[in-house]
Amino acid sequence: MAITATAPPAAGTGLKTRPEWLESAIGQGLALVLALVIALGLGSIIILLYGENPLDVYGSILRASTTDKDGPAWVLSAATPLIFSALAVSVCFKGGLFNIGVEGQYLVAMVTAAWAALHLGGLLPGPLLMWGVLLFGMLGGMAYAAVPGALKVKTGAHEVVTTIMMNGIAISLVAWALNNSLRYTNAPVGQNVDLRTNIFPANAKVPDLGHLFGYGPAPRLSWLFPLAVFAAAIVWFIVKRMRLGYEARAVGASAGSAQAGGIGIGSVQMKLFLISGALAGLVGMQQILVNNASTSTGGYLPQNYEATLGFTGIAVAFLGQNNPIGIVFAAIFWASLSRGESILPIETDMPREFVIILQGILIMSVVITYTLAKRRLERRQTGRVLAEEEIVAAQSAPALEGTTT
Amino acid sequence: MSKLGFAISIAFTYFTIIYLTGLGGLFSERSGIVNIGLEGLMIIGTVTGSFGAYYFGAKLGWGVPAGPLMGLLLGLACGAAFASIHALATVTFKIDHIVSGVVINLVAVGLARFLSTVFFGQATQSDPGQPHLHVISIPLLSSIPAFGRAFQGLSPFVLFPFLVVFPVWWILNRTRWGLRLRSAGENPEATRSLGVAVAPLRWEGVLISGAFAGLAGAFLSVEIVNNWREGQTLGLGFIALAALILSNWNPIRLMGAAFLFGFAQAIPLALRDWPVIRSIPEQFVNMTPYVVTIVVLAGFIGKVRPPAAAGKAYEGTTT
């Protein structure tokens with residue numbers, strides 16, 4: 001890499017033996033803190049322009065997600081789809097691929113899952129139906145992710161553009177399904193209802209989790225949250241402990257070197273897209289399989305489904321630095337900020353969109369500070385290697401000089 | 001037949017948007033910076049352009065030519081200003097170009113909502129009563145029987161691409177600055193060895209891309225829709241990127257590519273009741289622009305050559 005060629009040997013690093021993982025963790029932590037300071041600082045300026053007190057505004061956001069009634073349950077249930085979405089993005093990113101199509105993949109997955117929920121009831125008894133529905137969601141996401149994957153591998157069409165186009169197609173696919181095969185047929189006679197699917201059988205839904213901790217049904221905290229954490233653990237295992245993870249990182253770092261090392265780039269990229277699609281398939285399950293307290297029915301795919309979770313997942317993946325564990329915390333943090341959206345117009349004079357701006361500044365700062373921290377770390381390590389080489393060179397052949405470039 | 005004329009007039013409109021945005025991408029990529037944030041830059045152009053036309057045209061009462069023109073100018077300026085974030089990230093901090101572009105797109109959606117609450121007091125659309133330029137009919141062409149519909153009632157701004165295409169080609173191929181810009185995108189090391197700083201050229205490329213994308217966005221909201229609405233860019237920034245690839249990064253060939261994609265946009269809007277199209281479910285007809293983009297991208301990608309150093313950070317001294 002060109003970085004190593006021009007990096008000055010870091011002065012004073014010497015031969016300190018701090019373990020590499022600790023050094024990188026400290027670097028990332030500092031980068032995160034710096035990004036937070038920048039975001040909160042710029043946010044404070046906007047707040048002051050609105051004539052409000054930054055401490056009050058940030059305090060309101062914090063309170064909404066912690067001490068308010070059901071606050072933590074709201075946050076965790078909102079974080080659930082974001083974890084799946086960000087994991088899907090991060091899996092592809094490990095291999096240097098940008099899956100901007102999580103959006104379309106989860107829309108299509110909601111259709112396949114809804115189909116399974118409505119048609120597989122006779123085949124899968126009891127709670128098996130729920131697992132069948134989740135599986136169909138994952139399969140739908142995989143199938144839809146396979147298209148940009150195959151296009152990338154076979155033709156080299158850049159996945160950013162193809163996945164964005166696939167997102168546009170997915171919106172029409174959902175509309176088509178809701179108008180045809182999944183059309184609401186059980187509507188009471190003479191009643192004009194929104195376009196949506198029939199209500200799923202009870203066995204297809206994911207049970208509530210919040211009541212075990214004394215939360216009400218409104219936040220819809222379900223068993224999908226632990227499932228999302230479990231998915232993060234699986235992704236961690238794949239990336240860190242399996243051959244595919246190693247190959248993905250090799251391809252992501254340098255496709256040329258990976259190929260020279262005997263790694264089949266196409267097959268790795270395809271596998272990453274399929275895993276990513278499977279994870280993306282679970283993003284929409286929170287909204288179609290968990291009881292909706294406001295209508296006290298729940299368990300159907302409506303026309304006005306919540307969109308853009310796939311794009312938010314990209315931001316969460318960046319914030320979590322594409323680390324599965326980091327993503328879980330990043331999703332919870334992101335959801336806490338979003339929880340503040342509803343509180344701001346009530347408790348302060350700030351518009352709810354202020355939170356989106358705050359999140360935007362945060363993500364921009366995080367991307368920059370993380371990269372700078374990573375580069376600094378690489379430079380230090382290079383410097384250390386060079387210093388070691390110098391010592392070795394000095395011991396063996398004192399006359400050799402000027403070899404450090 | 002008059003339906004086809006109508007379709008072509010819609011295609012012209014989308015051609016203008018795609019061409020100008022693609023031209024923005026061309027300046028950026030020719031300087032060596034991949035700009036996947038064109039969509040986000042357009043979004044900023046739509047909301048600020050709409051505000052400019054509304055504020056100057058309706059609120060201050062500057063009337064018709066001045067109001068919409070101020071809208072277009074404001075969209076252009078704000079697009080360039082927002083692009084400076086991409087330039088800062090990719091040129092100065094050498095962040096991965098795709099990462100920065102994706103973030104630009106994410107941030108733009110939120111920023112547009114925020115600006116909209118500041119401008120119009122609501123997050124997802126602008127106030128009504130926004131003026132636009134008087135529509136024109138192109139002489140001679142518009143009097144062709146049946147087919148003339150294609151050249152009637154157009155915004156005068158659709159002529160703009162035809163005014164800039166040759167100057168842009170000339171600047172890129174015949175001026176010192178243009179040749180230096182392109183060399184920064186092909187071989188930055190060689191550029192520097194000739195004593196020309198790479199970073200300022202790349203900054204300029206990215207700022208120009210923001211200006212064009214912002215202008216295209218403002219054209220959409222000021223001249224076509226006469227209103228700002230959230231999500232109105234509909235992925236056109238990415239389609240412009242595909243058109244840029246199809247054009248082999250050439251401003252003249254970009255005209256053909258942009259018209260092809262513009263026509264794809266017109267099919268679901270104008271040709272829905274044509275014989276074959278009529279029998280296809282509406283939702284599938286709506287997919288046409290996206291499908292065309294994917295097919296073209298997959299079919300042409302191996303036959304074009306992007307600027308050699310596009311997407312790569314230049315690590316040499318920046319001054």
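A salt bridge is counted here when a side-chain nitrogen of Lys or Arg lies within 4 Å of a carboxyl oxygen of Asp or Glu, and over all chains of the structure a search finds 13 salt bridges. The model is predicted, so that local features need pLDDT of at least 70 and side-chain atom pairs count only at pLDDT 80 or more, while totals for chains, interfaces and linings use all residues; side-chain values use heavy atoms, without hydrogens and water. Residues are numbered from 1 along each chain as its sequence is written, with chains lettered from A and ligands numbered from 1 in the order in which they are written.

Select E23(A) and R384(A) to begin, a salt bridge whose closest N and O atoms are 3.3 Å apart. Because E23(A) lies in helix 2 (residues 20–49) of chain A and R384(A) in helix 15 (residues 353–396) of chain A, the pair ties together parts that are 361 residues apart in sequence. Helices are DSSP runs of H or I with at least four residues, numbered from the N terminus.

Next, show chain A and chain B together. The contact, meaning heavy atoms within 4.5 Å, takes 43 residues from chain A and 39 residues from chain B. The two chains bury about 3400 Å² between them, 85% of it on carbon and sulfur atoms, where buried area is the accessible area (1.4 Å probe) lost on putting two parts together, summed over both. One salt bridge is counted between chain A and chain B, and selecting R113(B) and E353(A) shows their side chains meeting in a salt bridge at 3.8 Å, N to O.

Stay with chain A and select helix 6 (residues 128–155) and helix 11 (residues 265–280), which pack at an angle of about 150 degrees with their axes 7 Å apart. Axes are lines fitted to C-alpha atoms over the stretch in contact, and angles run from 0 to 180 degrees between N-to-C directions. Helix 6 and helix 11 of chain A are therefore roughly antiparallel, a term for angles over 145 degrees. Residues to display include M138(A), G141(A) and M142(A) in helix 6, and F273(A) and L274(A) in helix 11.

Now move to chain B, where the axes of helix 2 (residues 38–59) and helix 3 (residues 66–92) come within 7 Å and cross at roughly 145 degrees. Among the residues that meet there are G45(B), G49(B) and F56(B) of helix 2 and G71(B), G75(B) and F82(B) of helix 3.

Finally, select helix 6 (residues 176–186) and helix 8 (residues 198–224) of chain B, whose axes come within 9 Å and cross at roughly 100 degrees. That makes these helices of chain B roughly perpendicular, the term for 65 to 115 degrees. Their contact includes W177(B) and R180(B) of helix 6 and L201(B) and E204(B) of helix 8.

Note on methods:
Helices (H or I, at least four residues) and strands (E, at least two) are DSSP runs, numbered from the N terminus. Angles under 35 degrees count as roughly parallel, over 145 as roughly antiparallel, 65 to 115 as roughly perpendicular and the rest as oblique.
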